[in-house]
Amino acid sequence: MAAAQTIETGSLPLAIAGGRLTIDLDALAANYRTLAGMSAPAECAAVVKADAYGIGIEHTVPALAKAGCRTFFVALPAEGIAARKAAPDAEVYVLAGPLGGDAIRTFREHRLTPVLNSKHDIEVWREAGSLPAALHVDTGMNRLGVTPSEAAAFAAENVGARAIPLKLVMSHLACADDPGHTLNNQQLESFRRVTALFTGIDSSLANSAGIMLGGDFCRDLTRAGIALYGGRAANEGDNPMRAVVTVEARVLQVRQAAAGSTVGYGATAKLDRDTTLAIVATGYADGYHRAASGSGVPLRKAVTAGANGFVAGGRVPIVGRVSMDLTAFDVSECGKVSPGDWIELFGPNIPIDEVADAAGTIGYELLTGLGRRYQRVYVHG
Ligand SMILES: *Cc1c(COP(=O)(O)O)cnc(C)c1O
């Protein structure tokens with residue numbers, strides 16, 4: 001097997017960082033190919049908004065382009081400029097559409113394509129003089145997009161010299177992660193009626209979970225996000241994607257705590273036996289949510305236990321509250337742990353969605369909130 005190559009980015013050197021993020025670009029590419037296969041015959045686009053869900057747009061986009069991805073979606077023009085730099089030849093759609101000010105100049109200069117979300121966006125874009133755009137139609141989410149009747153009016157009037165050349169008609173599913181939800185088919189039906197008015201123009205409806213719904217949900221172009229990065233898209237069933245991100249943090253100290261004593265702020269964890277604690281250099285400032293604490297989170301009702309880490313061959317639970325920079329884990333039951341060891345917070349041994357569940361949130365929020373105190377290492381084969 002060829003030795004893995006690593007690229008260390010301009011982030012923190014390991015010697016002065018509390019944690020490290022390892023991003024497996026081969027797993028990312030494999031996930032892209034899996035989703036492209038599931039989308040076929042539709043094309044699969046990659047959603048790389050929010051710095052590619054926190055893992056870094058400048059490395060993610062070239063790796064995806066190399067895996068065959070030709071179309072990218074970002075949320076904001078600023079992200080579009082970064083995506084354009086990383087993929088000179090790709091199609092880049094900006095979901096927020098043209099913002100105010102110099103929008104047209106920015107989109108033209110960086111060859112970005114706006115998604116028009118309102119009648120106002122359409123008016124703004126007419127002034128661009130025949131530059132291409134996508135149209136977003138709201139089919140039941142009430143977030144962004146023109147209404148189906150506004151779309152019909154636009155289809156009728158968008159003719160002649162002042163017509164906007166449409167490249168794509170899109171909508172977004174509210175409940176694709178719940179395959180049995182009635183809104184899925186309602187949205188598909190509504191979208192079918194709209195797209196019938198735009199003959200010859202590609203259409204796009206599915207996010208990651210929509211790809212897993214399959215069939216006509218995939219339309220001409222799918223928009224894969226979380227599944228590319230290894231997160232769970234559908235609420236039920238096994239996650240078929242490979243883990244892309246591994247988050248590890250440094251053990252600062254290992255201490256013996258006596259039965260009957262307490263751990264951390266609020267003294268919310270009272271030890272019922274002598275316990276070996278690893279005090280780890282991570283906390284909520286690193287995006288390791290306080291809501292994932294082992295105890296002492298009064299508002300957390302849905303889950304009773306906190307998150308686990310993985311070290312010395314074993315799963316180890318958080319003890320007490322996660323604080324800003326430090327978290328205590330019970331390492332009494334695993335192999336020997338020493339200061340300087342690295343504990344996995346999520347990755348191949350601890351699925352990201354398990355930590356998200358423990359924190360009462362979703363993998364998306366964990367990834368996009370990872371923070372700036374990690375060394376970042378990108379690995380490829
Ligand atoms: C974020 C987003 C996606 C990607 O969603 P995932 O659930 O991460 O796959 C697709 N389309 C739109 C409009 C989005 O905002």
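I began with the domains, and the assignment, which is an automatic or database one, gives domain 1 (41–229) and domain 2 (245–380) for the protein chain. I then took the centres of domain 1 and domain 2 over C-alpha atoms and found 38 Å between them. The contact, meaning heavy atoms within 4.5 Å, takes eight residues from domain 1 and seven residues from domain 2.

I noted that this is a predicted model, in which local features need pLDDT of at least 70 and side-chain atom pairs count only at pLDDT 80 or more, while totals for chains, interfaces and linings use all residues. Residues are numbered from 1 along each chain as its sequence is written, and side-chain values use heavy atoms, with hydrogens and water left out.

Next I looked up the ligand, which 13 residues surround, the closest being Lys49, Tyr53, Ser208, Ile226 and Tyr364; a residue counts here if one of its heavy atoms lies within 4 Å. I sorted this shell into six nonpolar, four polar and three charged residues, with Tyr and Cys counted as nonpolar and Gly as polar.

For polar contacts (pairs of N or O atoms within 3.5 Å), I found a polar side-chain atom of Arg223 at 2.9 Å from a ligand nitrogen atom, and one of His172 at 3.4 Å from a nitrogen atom of the ligand.

Note on methods
Polar contact = N/O pair within 3.5 Å; in protein donor to acceptor, adjacent residues only side chain to side chain.
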